[in-house]
Amino acid sequence: MLTARNVTKNYSNLPILKGVDITVSKGEIVTIVGSSGAGKSTLLHILGTLDTPTTGEILLNDVNLTKLKGNALADFRNRHIGFIFQFHHLLPEFSALENVCIPGFIAGTAKNAVREKAMFLLETLGMQDRMDHKPNALSGGEQQRVAVARALINNPDVVMADEPTGNLDSRNARELHNLFFELREKFNQTFIIVTHNEELAPLSDRQLVMKDGRIISH
Ligand code: ADP
Ligand code: ADP
C-alpha cells in the first residue's frame, strides 16, 4: 500500500537518509526505532509528504506522492494521511469535538457527516463525556486521544505518529498504544509509529531499526 523506494535526503549536502526502502501493507502496525539523529523523524516526514526526498519516490496506493505539489499535495495529505505528534497541537480555543471536525471541514465533507463521524470516533476512544471540553481542560492522555480521533476523521490510508507516547506516563502510553491495535481491529487502520518507548516498540507487526540514515533491521 505504501512503498518508499531508495529514498535519500540531504540537508545542505549532508546525507541524512542514505537509501531507504520500505513497504507497508494495509492494516500493518510498524514501529521505527533507533538512536536520536538516526533519521527517524526525517523519514516519517518524507513518508507523510511533510518533507520531500532528495532522490527516490514514495507511492501510496499507486499515487506517486513525490509528483504532487502545492494545493493538490495539501489536499491529498489531508484526505489520505493522518498525523499524531508528541505534542498534540490541538487548537486551544476549540472544543475536542471541533478539533476533530476541522480536517473534515477542510476536506469539504458535509458538515453533518463530519460531526457524526467525529462523535463516533470520540465515543470509540472513550471520550463521549469530554467532547465539549477545550484541550486545556483535558488530561494529557485525553488530549492525545482527541489527536488520534482528529488523525482518523478523513479515513486516512495511513496514520503517521511521531513519538505519540513521548509526553505520556507509562500507563497512558500503554493505553494509547493498545488503542492503535483496537483501531486496526475495527477499521483495518495502518500505523507507522516512530518511538523511543522500548517497552512498546516491540509490540508491533514489524519493528524497523534505523541507524545513521539507513534501516539496519526489519
Ligand atoms: P531522529 O528522528 O532519528 O532523531 P531526525 O530525522 O530528527 O532524527 O534527524 C536526523 C539528522 O538530520 C539529525 O542530525 C538532524 O540534526 C538532521 N536534520 C533534521 N532535520 C534537519 C533540517 N531541517 N535541516 C538540517 N538538518 C536536519
Ligand atoms: P524529534 O526529537 O522529534 O526528532 P527534532 O528536534 O529532531 O525532533 O526536530 C524537530 C524539527 O526540527 C523537525 O521538523 C526537524 O526537521 C527540524 N530539525 C531538526 N534538526 C534540525 C537542524 N539541525 N536544522 C534545522 N532543522 C532541524
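Analyst: Let's start with one idea: two strands count as paired when DSSP finds at least two bridges between them. Keep in mind that this is a predicted model.

User: Thanks! How many bridges join β3 to β8, and do they run parallel or antiparallel?

Analyst: Strand β3 (residues 29-33) and strand β8 (residues 190-194) are joined by 4 bridges and run parallel.

User: Which residue in β8 stands opposite Ile29?

Analyst: That is Phe191.

User: In what order do the strands of the open sheet come?

Analyst: The order is β6-β7-β8-β3-β9-β10, 6 strands with mixed pairing. At the edges stand β6 (81-84) and β10 (214-217); each has a single partner strand, so one side of each lacks a neighbour in the sheet. On average, and ignoring direction, neighbouring strands are turned by 25 degrees against each other.

User: Which helices pack on the sheet?

Analyst: One is α1 (residues 40-47), which touches β3, β6, β7, β8 and β9. Its direction makes about 155 degrees with that of β7 (158-162). Another is α6 (residues 170-187), touching β3, β6 and β8, with its direction at about 160 degrees to that of β8.

User: How do I read two helices that cross, such as α3 and α4?

Analyst: Look at the angle between their axes. For α3 (residues 96-106) and α4 (residues 111-124), the axes come within 9 Å and cross at roughly 130 degrees. Angles over 145 degrees would count as roughly antiparallel and 65 to 115 as roughly perpendicular, so α3 and α4 are oblique to each other. The crossing is right-handed.

User: Which residues of α3 and α4 make the contact?

Analyst: Among them are Leu97, Val100 and Phe105 of α3, and Val114, Arg115 and Leu122 of α4. The contact residues divide into 9 nonpolar, 1 polar and 2 charged.

Terms used:
Residues are numbered from 1 along each chain as its sequence is written. Chains are lettered from A and ligands numbered from 1 in the order in which they are written. This is a predicted model: local features need pLDDT of at least 70, side-chain atom pairs count only at pLDDT 80 or more; totals for chains, interfaces and linings use all residues. Side-chain values use heavy atoms; hydrogens and water are left out. Axes are lines fitted to C-alpha atoms, for helices over the stretch in contact, and angles run from 0 to 180 degrees between N-to-C directions. Angles under 35 degrees count as roughly parallel, over 145 as roughly antiparallel, 65 to 115 as roughly perpendicular and the rest as oblique. A crossing is left-handed if the near helix is turned anticlockwise from the far one by less than a right angle, and right-handed if clockwise. Contact means heavy atoms within 4.5 Å. Ala, Val, Leu, Ile, Met, Phe, Trp, Tyr, Cys and Pro count as nonpolar, Asp, Glu, Lys and Arg as charged, and the others, Gly among them, as polar.
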